Amino acid sequence: MNIAAITACTIGVAHTYIAKEKLIEAAENRGHSISVETQGNIGIEDELSQDVIRAADVIILAADIAVARQERFKGKPIVRVSSAVAIKQPERLITTIEHKLSQGVMS
């Protein structure tokens, strides 16, 4: 599975980057590719390219604030969770997405 994600917290510092690392670790442990963009006080870092977005099977928005430029994801399945979910339960999040995609629940 190809995953594109955005992480963002209210301050835009610690939880944003912890969520990014946890999502990357969980996705890679499950054999998936993932690209993660961060958004916060310092702006957008590691911005998702159109190629990454186009290839993504799912978009994860692990954010506690409004995510900028969501129109880029039109037509893609989007999963919205808090940064706490990405930090505390990343494996469960990924396996839930796997299950829903395999069942055709997300499209």
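This is a predicted model: local features need pLDDT of at least 70, side-chain atom pairs count only at pLDDT 80 or more; totals for chains, interfaces and linings use all residues.

Trainee: What makes the pair K20 and D46 a salt bridge?

Mentor: The closest N and O atoms of K20 and D46 are 2.5 Å apart. The criterion is a Lys or Arg side-chain nitrogen within 4 Å of a carboxyl oxygen of Asp or Glu, so the pair qualifies. K20 lies in helix α1 and D46 in the loop between β3 and α2, so the contact ties together parts 26 residues apart in sequence.

Trainee: Why is K20 called buried?

Mentor: The relative accessible area of K20 is 12%. Buried means under 20%, and K20 is therefore buried.

Trainee: How do you know that R30 is partly exposed, whereas E98 is buried?

Mentor: E98 has 18% relative accessibility, which is under 20%, so E98 counts as buried. R30 has 38%, which falls between 20% and 50%, so R30 counts as partly exposed. These two residues also form a salt bridge, with the closest N and O atoms 2.5 Å apart. E98 belongs to helix α4 and R30 to the loop between α1 and β2, so the bridge joins parts 68 residues apart in sequence.

Trainee: Why is E28 called exposed?

Mentor: E28 has a relative accessible area of 53%.

Conventions: Residues are numbered from 1 along each chain as its sequence is written. Side-chain values use heavy atoms; hydrogens and water are left out. Buried means under 20% relative accessible area, exposed over 50%, partly exposed in between (1.4 Å probe, protein chains only). Helices (H or I, at least four residues) and strands (E, at least two) are DSSP runs, numbered from the N terminus.
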